[in-house]
Amino acid sequence: TGIGIGPDTGLLYSYSLKCPDTKPDIISTVEFNCSGELLATGDKGGRVVIFQREQESKNRLLSRGEYNVYSTFQSHEPEFDYLKSLEIEEKINKIRWLPQQNAAHFLLSANDKTIKLWKISERDKRAEGYNLKDEDGRLRDQFRITTLRVPVLMPMDLMVEASPRRIFANAHTYHINSISVNSDYETYLSADDLRINLWHLEITDRSFNIVDIKPANMEELTEVITAAECHPHQCNVFVYSSSKGTIRLCDTRAAALCDRHSKFFEEPEDPSSRSFFSEIISSISDVKFSHSGRYMMTRDYLSVKVWDLNMENRPVETYQVHEYLRSKLCSLYENDCIFDKFECCWNGSDSAIMTGSYNNFFRMFDRNTRRDITLEASRENSKPRAMLKPRKVCTGGKRKKDEISVDSLDFNKKILHTAWHPKENVIAVAATNNLYIFQDKIN
């Protein structure tokens with residue numbers, strides 16, 4: 001069964017980013033690399049923190065390798081658009097790893113307007129014994145050089161360097177909400193509210209606009225792009241979701257500009273359940289292909305849906321995340337929580353899915369058994385190596401001892417960003433400025 005579908009989930013490690021009450025430290029994205037050995041987080045202050053999994057040792061077999069800080073660097077700085085008199089904040093919206101090709105690692109990080117390709121490399125040796133300069137770097141007197149020395153590499157303390165290799169800028173008028181690396185590993189797409197661009201990783205001065213939904217008259221605008229992703233195996237296929245709750249699948253072989261979709265996924269609305277909030281809560285905040293490429297998953301405000309790419313008229317699976325909030329939509333609208341954008345993720349075998357909720361709760365669903373569980377990521381309830389207890393929300397009537405009332409949920413504590421290790425049952429959950437890493441029980 002998937003991780004957490006049962007009481008066998010324990011806290012592996014929790015890491016708090018700096019002070020608890022400063023806005024720049026709030027985590028805005030979480031992403032494992034392709035092997036799961038590295039985990040990157042971006043925050044509102046424009047920083048990227050990379051964690052590396054420690055190697056297992058015989059005397060610490062139970063740890064399965066904890067994640068410790070590997071590198072921290074400032075990815076983006078605040079900028080100002082003088083033409084539009086707009087401040088461009090440094091917050092990292094998305095991080096995507098590239099598959100590892102050599103000893104170095106590469107990742108893409110994006111704020112609202114600019115995407116950067118970073119190289120993360122290690123250096124544990126330095127050259128000594130130069131002919132023209134001393135060890136402290138000063139130039140030697142050429143007349144005193146009487147012998148020729150061959151420089152040698154000497155060991156030094158490990159140093160992890162992060163250097164920007166490419167900067168992809170000036171291509172988005174609106175805020176970037178998605179970046180996705182293509183399966184050819186040469187191109188990637190970036191999406192904002194109205195356009196999707198296709199980039200080559202080696203070319204920074206131009207990109208190809210492949211989707212443009214901007215109407216000639218902006219007063220006729222009825223929907224915006226909320227997320228986009230490339231197919232994991234077919235480099236010509238990608239999907240994008242909209243604020244109207246629809247998903248379009250496009251094929252770049254059909255046309256250079258994919259304004260006409262190849263497939264259109266939409267679930268018919270039940271007229272009896274229509275309300276003032278229907279359009280808001282149907283907006284899709286995240287879309288993810290399964291690793292197999294057969295399915296895709298979408299997250300709206302109240303539910304997660306799994307779609308078969310061969311069936312457009314309705315999802316094959318629907319999971320209610322926090323249906324008990326339907327009666328609270330009015331107050332959630334007033335405090336703007338109804339506009340929160342929750343992400344979702346698959347486990348490595350596509351058999352389980354995970355997404356976040358309020359009160360630092362996160363939900364996991366086993367697709368095979370249809371069992372689900374609610375767990376909480378909090379420092380008060382999560383001691384290292386302690387088992388997590390399933391949480392239940394009481395929707396009415398008499399509240400049991402271990403249940404929590406809907407009225408006492410804290411809507412300021414929310415889990416928007418989650419990630420699942422690509423091969424193991426290890427998950428990363430971002431709760432404001434804290435990163436929690438959980439693993440399944442070790443027998």
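Reader: Is C258 buried or exposed?
Author: The model is a predicted one. Buried means under 20% relative accessible area. C258 has a relative accessible area of 2%. That makes C258 buried.

Reader: How many disulfides are there?
Author: A disulfide needs two cysteine sulfur atoms within 2.5 Å. The closest cysteine sulfur to that of C258 is in C250, 5.0 Å away, too far for a bond. For C330 the closest is in C337, at 13 Å, again too far. By this rule the count is zero.

Reader: Which residues make the nonpolar surface patch of about 320 Å²?
Author: Patch members need over 30% relative accessible area. Y333, in helix α2 (residues 329-334), has 32%. F339 has 41%. The patch is made by F276, Y333 and F339.

Reader: Which aromatic cluster does Y333 belong to?
Author: Y333 pairs with F339, the ring centres being 6.0 Å apart. The cluster consists of F276, F277, Y333 and F339.

Reader: How many aromatic pairs does the model hold, and how are the rings of Y301 and F342 arranged?
Author: The count comes to 18 aromatic pairs. The ring centres of Y301 and F342 are 6.3 Å apart. Their planes are at 55 degrees, so the pair is tilted.

Reader: How many residues apart in sequence are the parts that Y301 and F342 tie together?
Author: Y301 lies in the loop between β21 (295-299) and β22 (303-308). F342 lies in the loop between α2 and β24 (344-346). Y301 is buried at 2%, and F342 is buried at 0%. The parts they tie together are 41 residues apart in sequence.

Reader: Which residue lies over the face of Y295?
Author: A charge over a ring must be within 6 Å of the ring centre. One case is K133 over the face of Y130, at 4.7 Å. For Y295, the distance from the ring centre is 4.8 Å, and the residue is R367.

Reader: How many residues apart are D407 and K328?
Author: Their closest N and O atoms are 2.4 Å apart, in a salt bridge. D407 is in the loop between β29 (403-405) and β30 (417-420), and K328 in the loop between β23 (317-320) and α2. D407 is exposed at 61%, whereas K328 is partly exposed at 22%. The pair links distant parts of the chain, 79 residues apart.

Reader: Is R363 buried or exposed?
Author: R363 meets D372 in a salt bridge, at 2.8 Å, N to O. D372 is partly exposed, at 43% relative accessibility. R363 has a relative accessible area of 9%, which makes R363 buried.

Note on methods:
Residues are numbered from 1 along each chain as its sequence is written. This is a predicted model: local features need pLDDT of at least 70, side-chain atom pairs count only at pLDDT 80 or more; totals for chains, interfaces and linings use all residues. Side-chain values use heavy atoms; hydrogens and water are left out. Patches are made of residues with over 30% relative accessible area and no salt bridge: like charges are joined within 9 Å, nonpolar side chains (Val, Leu, Ile, Met, Phe, Trp, Tyr) within 5 Å. Accessible areas come from the Shrake-Rupley method with a 1.4 Å probe; for residues, only the protein chains shown count as cover. A salt bridge is a side-chain nitrogen of Lys or Arg within 4 Å of a carboxyl oxygen of Asp or Glu. Helices (H or I, at least four residues) and strands (E, at least two) are DSSP runs, numbered from the N terminus. Buried means under 20% relative accessible area, exposed over 50%, partly exposed in between (1.4 Å probe, protein chains only). Rings of Phe, Tyr and Trp (its six-membered ring) pair if their centres lie within 6.5 Å; planes under 30 degrees apart count as stacked, over 60 as edge-to-face and the rest as tilted. A charge sits over a ring if NZ of Lys or CZ of Arg is within 6 Å of the ring centre and within 35 degrees of the ring normal.
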